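Hello,

Here is the structure I promised to pass on. My notes follow below it.

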Amino acid sequence: MKLEITIPTKLNEIKLSQYQAFLKIAKDNEDSEFLHQKMVQIFCGIDLKDIANIKYKDVNDITASLGEMFNQEHKLIQRFKLGGTEFGFIPNLEDMTFGEYTDLDTYITDWDMMHRAIAVLYRPIKKNGLNGTYEIEDYNGTVTYGDVMKHAPLDVCLGATVFFYRLGNALLNATIAYLEKDPEVQNILLQGNSGKDGDGIVQSMLLLKETLRDLTKLQD
């Protein structure tokens, strides 16, 4: 039986929902051969039973090719089209609303909910301006575009998440560096003055460093 397989060559050929499906399986399974089969099934869109008819070497070549795509640098993509609609990244993060911020903070670290995080970050462009500027729709929660973003190209999603992990790392590093150099903080840490306050500062610094480590793991 001749089997035709369409192998993605770019991350924008893979949907976010496909990546979410693979991560859900990979999270609780360490069987590399089974995961290779699931990669081919999910990303190439063929039945699992048909993979048994593919040469072992070809399966390894396919998974190696897919793996190379994920090892590339993931850059932030400002605009993309989906279903005839052009979506744009939030133009100015400093102008994020409280609702945008809290929803993003809830969803951005959970790949099962990443489609909702992407729905916070990207919304339809309603007006184009000069020099590539644009305006996007006002934020009304993730109900409207949450499920739509399950079909978002994976390069957009990875670029956005890596951007925020790096931003988070930079902010945490700056905060830790400031606290460690602040004379008042150093006085409390070294001399043990105001024991209760000192304990709180020490715990805060440790928490910041733990958060930084967690963000680094998430980026990996």
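Which residues in H1 meet which in H2? From H1 come Gln18, Tyr19, Ala21, Phe22, Ile25 and Ala26; from H2 come Phe34, Leu35, Lys38, Met39, Ile42 and Phe43. Contact means heavy atoms within 4.5 Å. The residues of this contact are 10 nonpolar, 1 polar and 1 charged.

A word on the basis. This is a predicted model: local features need pLDDT of at least 70, side-chain atom pairs count only at pLDDT 80 or more, and totals for chains, interfaces and linings use all residues. Numbering runs from 1 along each chain as its sequence is written, and side-chain values use heavy atoms, without hydrogens and water.

Helix packing: H1 covers residues 16-27 and H2 residues 32-44. Helices are DSSP runs of H or I, at least four residues, numbered from the N terminus. Their axes lie 10 Å apart at an angle of about 165°. H1 and H2 are therefore roughly antiparallel (over 145 degrees).

Aromatics: the whole structure holds 11 aromatic pairs (ring centres within 6.5 Å; planes under 30 degrees apart are stacked, over 60 edge-to-face, the rest tilted). Phe22 and Phe43 are tilted, with centres 5.6 Å apart and planes at 50°. This pair joins H1 to H2, 21 residues apart in the chain. Phe22 is buried at 12% relative accessible area, and Phe43 is buried at 4% (buried is under 20%, exposed over 50%, partly exposed in between; 1.4 Å probe, protein chains only).

Phe163 and Phe164 pair edge-to-face, at 5.3 Å and 90°. Phe163 is partly exposed at 27%; Phe164 is buried at 15%.

Best wishes

Notes. Axes fitted to C-alpha atoms, helices over the stretch in contact; angles between N-to-C directions. Helix = DSSP H or I, 4+ residues; strand = E, 2+ residues; numbered from the N terminus. Parallel < 35°, antiparallel > 145°, perpendicular 65-115°, else oblique. Nonpolar A, V, L, I, M, F, W, Y, C, P; charged D, E, K, R; others polar. Phe/Tyr/Trp six-rings, centres within 6.5 Å; stacked < 30°, edge-to-face > 60°.
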